[in-house]
Amino acid sequence: MQSSITSMRAPGVLFCSLLLWGCQGEGSDIGPTLGVQPPEPFVVQVFDDASRPVSAATVSSSVGTVVSGRAGRAESPVRPNAPAVFTLSAHAASARDGDQLVGFAVRGTPIDESRSLERAIFLPDVSGSVGLPLATGVPLGATALDDTATSGAILTVASGSIVSDGAAASVTLRTAGLLARHLPVAPPSANGLATLLTPAVFVGPATATFGPGVTLSVANSIGATGAAAAIDVLRLEANTGLWTRVGSATAAAGRIVSASPGIGGGGLYVFAVTTARTCSVSGRVVDGTGRPVPRALVHAHGQAVSTDNDGAFVLPLLPAVDLGERARIETIEAIGGRGWLPVSASRVTTLADGPVPLPDLVLDTVLTGHMRVLLVERGDVLPNRRVRTNQTLNQTRADTFIGNDGKGILEDLPAGLYGIAFGRADDRVNGFRTDGLVRLRDNERVVDARLFSLRSGYDNGRGNTVVVYDAEGGGPVSDVGVVRGEEPERGFVGRTFDNGSLFADFGSEDQVTAVSDTARDGRRVISAFTTVQTLA
């Protein structure tokens, strides 16, 4: 079951509900349970080239197939213990509306006690390609696919070339770019050397094959000249998940062009050349409070590493200069890893030979975990409900759909206190109300919320309670000021508790206003909701 979550920079509109609190009855604490919590999973993180989480991507390996959730994380209960090939399929995956993501196979190494992959996997998006429709199995006339405005690539088809894609009578070629720091596998290199790379290009469909004369070119971002050392053309192989040299390339007219006979088919390509001018980049990843962020994934120019318990990292050797001996400008990117909100941050730095220490890279992330939800009414599951929750201090909202088994999961919630509340009418004097408070603690992977729908009377004649909800999150909000009448100071009644409620004696003609005043990131937001004639 998929869930969705929205991080809030400031609270939204408040909903103030005045309830006459009655005796709870006809509820039961006997019934179904959530069962034993699953073991610590193995995690593969999937993003697009803009570092947005990809949901509904399938990740297959020798231990099974799993699907990424709304945070881009595919979690498997079985942990691979050695380097393995992971095949990513993106036919149903998406990071944003309208994208057309494509997958591939990668060979990865589990790290962090085998609980996550060594790097995040970034998928190319071919939706921006202009496309080149071609007949298959016949010699073609000279033509070209020019995607310099999107992927930066040009695919040139020489006269007499033949393109095939199985038994298909035609095929539309498309390309997509992938930043060098987002390569799914590190490029091959010798000891003491680094590999200078262009951005990668995906040529689709991956199943297409080309006869002689189809060449691929990209902008010359590595400073190559006609007299430069030979440039390798690398292709990510589907069976091994590793880079394989499939040809050479030359520099011409400001571009890097694959040499004759060209590339042999679809897939992910990159141009590479090794260099002895290297540097060692090190640094530390911290959160907004300066606290170290362990398990963050750091990417730069085809290399990746995970931060240690102190948030520190040292990347494998990077090329310090381009082929024209100019100092390189590199982007170092960090993403929150397992157990942290998967946001990204980057730092642009000028490289130099030798050690390159970086200032702390600040990642606006927080510790996260999952919330398992079970709804019970009268000793049986309450199925097919949408459950919304929010932190009681109104920083995060999330929702999920409860299936026929009464269960659902809210993924990757920031640690904090969450409220869940909803209800429905039963008759003129009674209703069913479901609510609860659940605290997700730092470093807690899964917290369980077993919620009971209780039949309650609207009025027992003993008083009344104001309950303040988040209009979008659906849960109660704490520390909200409640005012009777129209004069804020004289009419101030009090502030809501953690469960969003405040007991007070209101008359049937009273006007009640709930007010929240918050500030974050330099912004002050005042949210309010007024109820007139509360008991009318």
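I began with the classes in the lining of the second largest cavity, and I counted three nonpolar, four polar and three charged residues there, with Ala, Val, Leu, Ile, Met, Phe, Trp, Tyr, Cys and Pro taken as nonpolar, Asp, Glu, Lys and Arg as charged, and the others, Gly among them, as polar. This is a predicted model, in which local features need pLDDT of at least 70 and side-chain atom pairs count only at pLDDT 80 or more, while totals for chains, interfaces and linings use all residues. Residues are numbered from 1 along each chain as its sequence is written, and side-chain values use heavy atoms, with hydrogens and water left out.

I noted that a cavity is a set of points, on a 1 Å grid over the protein atoms alone, where a 1.4 Å probe fits but cannot get out, and that lining residues have an atom within 4 Å of a point. Grid points are joined across faces, edges and corners, and a volume is the space filled by probe spheres set on the points.

I found two cavities of 30 Å³ or more.

I then turned to the largest cavity, with about 80 Å³ of space, where Phe42, Val44, Pro80 and Phe86 are among the lining residues. Strand 6 supplies the largest share of that lining, three residues, and by class I recorded eight nonpolar, four polar and no charged residues.

Note on methods:
On a 1 Å grid over the protein atoms alone, a cavity is a set of points where a 1.4 Å probe fits but cannot get out, and a pocket is an open set with protein on both sides within 12 Å along at least five of seven lines; lining residues have an atom within 4 Å of a point. Helices (H or I, at least four residues) and strands (E, at least two) are DSSP runs, numbered from the N terminus.
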